[in-house]
Protein chains: 2
Amino acid sequence: MTATATTPTHPLLAAHAGVLDEIRQALTTRSYYSRYPESPSPRVYGESAAAEGLAAHEAHLGQPYAALLGQPTDGTFVGSEVSPYGPELGVTYPALDLDAGLEAARHAIPAWRDAGPQVRAAVCVEIIDRINRRSFEIANAVMHTSGQPFVMSFQAGGPHAQDRAIEAVAAGLVEQERVPSSVLWEKPGKDREGKPAPLRMQKDYRIVPRGIALVIGCNTFPTWNAYPGIFASLVTGNPVVVKPHPRAVLPLAISVEIARTVLEEAGFDPALVQLAAEGDGQGLAKTLAERDEVAIIDYTGGPSFGGWLEQAGAAAGKLVFTEKAGINTIVVDSTDDLRGTLGNLAFSLALYSGQMCTAPQNIYVPEGGVDTDEGHLSFDEFGERLAGAIGRLTGDDAKAVELLGATVNDQVRTNADSLAAIAGEAGGRVVLDSRRITHPTWADAVVRAPGLVALDVTREDVYTQECFGPVGFLIRTASTEQSLAQLADTIREHGAMTAAVYSTSEDVLDAARQAAAAGGVALSENLTGQVFVNQTAAFSDYHGTGANPAANAAYTDAAFVAGRFRVITSRRHV
Amino acid sequence: MTATATTPTHPLLAAHAGVLDEIRQALTTRSYYSRYPESPSPRVYGESAAAEGLAAHEAHLGQPYAALLGQPTDGTFVGSEVSPYGPELGVTYPALDLDAGLEAARHAIPAWRDAGPQVRAAVCVEIIDRINRRSFEIANAVMHTSGQPFVMSFQAGGPHAQDRAIEAVAAGLVEQERVPSSVLWEKPGKDREGKPAPLRMQKDYRIVPRGIALVIGCNTFPTWNAYPGIFASLVTGNPVVVKPHPRAVLPLAISVEIARTVLEEAGFDPALVQLAAEGDGQGLAKTLAERDEVAIIDYTGGPSFGGWLEQAGAAAGKLVFTEKAGINTIVVDSTDDLRGTLGNLAFSLALYSGQMCTAPQNIYVPEGGVDTDEGHLSFDEFGERLAGAIGRLTGDDAKAVELLGATVNDQVRTNADSLAAIAGEAGGRVVLDSRRITHPTWADAVVRAPGLVALDVTREDVYTQECFGPVGFLIRTASTEQSLAQLADTIREHGAMTAAVYSTSEDVLDAARQAAAAGGVALSENLTGQVFVNQTAAFSDYHGTGANPAANAAYTDAAFVAGRFRVITSRRHV
């Protein structure tokens, strides 16, 4: 680096300069932007794309993942993935030699740091574009690790995750570009004779990465929840070690392979992105999190380990971003579109059997019932109508499995089996039991439709715990006012990723906005169409707020990227 | 708040709109900007300003600080300040009733939150403008709590601190304004007949504060180090509890009084800024830091409590910004302006007897000596010349005290008395002992000029500890290459707020920039005039980097403000 820094150039920067302009602009406006088509239609991705993606997926099965053999490894292979749809994947991954891997990452920093934000962003765009081209392959990998239904695996694991990735690139790029590379500082002054004699200095501001970043993936959204951290760290100059959930390695192995290939082709060290795979129960996340070399940690998963990470990581001076768990909340007050309301709610509850960090759990309904365009419904009648909507949506097994997917683990299955027990314990009532569905293609998959338990607002002991999976609580409150107070209070204390309200009253909607602000949660109002409370759009909706215990960060705000790099000034008189 | 948010207005916003434009622009460019004249000249602040400020200061002495009686208090008064220049101040402050004070702060949030970023920024500007008008009063308070000499108390405690305050306002304002208040989101789509039928949503983004902020002040720079946290939190919507160092309460009491007055006049709750004073040894910082209501902590002070805060605060989900201690470093390689180099270094060492977090401590000089415009100097000769420059600068007692000020505490005095012991222990040599100076006005002040100990680079055990006060180490290295390697290694491990290099070689300067980037410290190059390594200019120089253990934050980068607020979205179809 010379005193007057020159802007680095790179062929990928020339290729993607227009994209960088687009995403800078999209981030600023926060209106609609998507780079990657969400439809798996052959008209979009090509006639042969689906078949080729499936074939590529199947070629991985039962094989060692040789494309990652360039990583430092001790020669052992790890992997124990079993599809929630039944089959063992049989893929094994070269175990990362941690000492050598972290040293390789450290060694890769200077050239990546000195490439500058724009070149890094362009390389990241190229990586994500190449990931996009393998969306069908990744969709199959997401399906057979998370249990998501195929179309959702494609969308949430593919284009939607890719849009979140590129949003993180945009956020990191813009954040770095806010720091000028060099300025002339001129302080007015006079010499001893009173003539103007300003003090002049040139100040160069150099972006330096924080260090090695660790991204700890989750089982249910292996790519969607990992990409923001990966690309936020990478674009700001940090090498990334990706530690997938032991039951959802393949989607991230493919992603890491692509990143390494692009980095190498672009003239950078592939050690900037490495996969640290493990089999079940090896505790690799903790081992890595405790390494001195790790300076940034992004985590999605359970609150127990997440809480430990927040404490231990912060104690060691690391930057820790977590998304843990919460109790997502719906307040039903009134509606002028009952059919749309019920359909939308039923879909939100059914999608991926409620195994989304954004799926609703607690539905507050006043004991006096709900005014609708189909007349007044009592609390019980509303419950029956919602149960009916769920029943219709999930009544046909073959169609239902394409919405519900498969249950991902035993905890979810236990929760689905526990509705009667919960209702009994809570003095409540099972409004709809969780129906068992046999998957027409994957007989070993455990597929469950959502169930509903009605209980009283006093039973906070039951409904303020996350009951992950196909379980919804219909909570009887004294009034919508109490519903909103409970929304604010329970979310402030226990956290939530999402909240929604249904009301025809502007006063109630205003009060709901106040309650959401007090609880620190984003609010969706009167969703009756094709947008669901579970879903957030990259570049426009923040995912999480950082303002309640469910997550200490949001995709993607400035706080998510601003601390991932530091600015080192050098100044001199000129 | 209605669905379509209207921009709040306020008379102060009309009054200060131009200032907000100026400071937004200044923050973006990072070139020279100052709102508050640094010269205490009567031509700038008025013929009577100095006398009136002194009188106002003296009116506080021996009195209860009645202007803060509006705060919730249990009726007791606390305070035990003794001027480093000798006299007890005798000021007492109403003890804050913590339960009631925190409840009052919480209660003040909604109206302040809903006032919006621009109104908050304008109110903050008004507060700082009013603080500026009391600069002479505050200068006396800073002098008699920190021990700074008067002109420095005026500049660093007054206009320079005020410029840092307004920089924090700018950073917080701009950060909030990056989030649009509302957007129309329109996702392309088609209806069943294939006609365009976009999904349209209005999304409102509401800025909410993180919670109550605690600012823990330090003894040496009560205002300069507290204002950034105070105003960064306030402008982003958070109420602030200011907990001054027990020996430096008065400057912050005046500042808090002004803030409360302006807030009240502007129609806001004065509980948005409260003073939590304590006498020595009450441990109030820890008590406050552990309160659940406190969500943000800004701290300047020793590394032991700072480290505890980082851990305990983070464990409790609080946002913690610290500035602790470090070993500021100079590398001397060569110079074409020996006189300027020595004068600049001597001044940096002497200013406030080295009691600045930015004052140099470790001066690396190669054993082969230094090429200068006055010929080659051996290691020993360079040391003698630097000692001579310090001697000349501080040789006249009456002039010296206006540069040195008074020692602030017994630890500094012990350090100043320990040069022979340190040299003996380290197998080194006292090049210049710390001279005792009798203050012509304040006979009880302990005034010390800087001393220098020469020792070998191998004695890291000695020079990698902070020796706060008038002690410099001349460290004999094998080469400038080794000097730079030590700079990077020791700062990465032990931290530093500042670093500087003197060299006529572009290669060495390049290498120094690399070493500074590796160590994570800002670098000043060849300072030989009226800019000193100790000094950073608001809006242009970052103070600290957050990239080494001395501080986890920088005044004022985006990371310092971005996490102080959160964004709550509400969205609905339109």
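**Note on the A/B interface and the domains of chain A**

1. Arg571(A) stands opposite Ser524(B) in E20(B). Three bridges join E21 (residues 565–573) of chain A to E20 (residues 523–525) of chain B, and the two strands run parallel. Strands count as paired if DSSP finds at least two bridges between them. Helices (H or I, at least four residues) and strands (E, at least two) are DSSP runs, numbered from the N terminus.

2. Some ground rules. This is a predicted model, where local features need pLDDT of at least 70 and side-chain atom pairs count only at pLDDT 80 or more, while totals for chains, interfaces and linings use all residues. Residues are numbered from 1 along each chain as its sequence is written, chains are lettered from A and ligands numbered from 1 in the order in which they are written, and side-chain values use heavy atoms, with hydrogens and water left out.

3. How many residues does each chain bring to the contact? Chain B gives 71 residues and chain A gives 71 residues, with contact meaning heavy atoms within 4.5 Å. The area buried between the chains is about 5,700 Å². Carbon and sulfur atoms give 51% of that area. Buried area here is the accessible area (1.4 Å probe) that two parts lose on being put together, summed over both.

4. Which residues of chain B lose the most area to chain A? They are Tyr32(B), Arg566(B) and Arg571(B), together 13% of what that side buries.

5. Twelve salt bridges are counted between chain B and chain A. The rule asks for a side-chain nitrogen of Lys or Arg within 4 Å of a carboxyl oxygen of Asp or Glu. One salt bridge joins the side chains of Arg571(B) and Asp541(A), at 2.9 Å, N to O. Strand E21 (residues 565–573) of chain B supplies the largest share of the side that touches chain A, eight residues. By class, that side of chain B has 33 nonpolar, 20 polar and 18 charged residues. The classes are as follows: Ala, Val, Leu, Ile, Met, Phe, Trp, Tyr, Cys and Pro are nonpolar; Asp, Glu, Lys and Arg are charged; the others, Gly among them, are polar.

6. A salt bridge also joins the side chains of Glu175(B) and Arg178(A), at 2.8 Å, N to O. This pair crosses between chains. Glu175(B) sits in helix H7 (residues 159–177) of chain B, and Arg178(A) in the loop between helix H7 (159–177) and strand E3 (182–187) of chain A. Over all chains the structure holds 82 salt bridges.

7. Now the domains of chain A. The assignment gives domain 1 (11–324 + 554–573) and domain 2 (329–525); such bounds come from an automatic or database domain assignment. Their centres, taken over C-alpha atoms, are 34 Å apart. Domain 1 puts 18 residues into the contact and domain 2 puts in 21 residues.

8. The two domains of chain A bury about 1,400 Å² between them, and carbon and sulfur atoms give 67% of this. Helix H5 (135–146) and helix H6 (150–157) each supply at least two residues of the domain 1 side. H5(A) gives the most, with four residues. That side divides into eight nonpolar, eight polar and two charged residues.

9. Backbone points to check. The peptide bond between Tyr555(A) and Thr556(A) is cis, with omega about -20°. In chain B, the bond from Tyr555(B) to Thr556(B) is cis, with omega near -25°. Ser353(B) is not a glycine, yet has a positive phi of about 50°. Ser353(B) lies in the loop between helix H12 (338–350) and strand E11 (362–366) of chain B.
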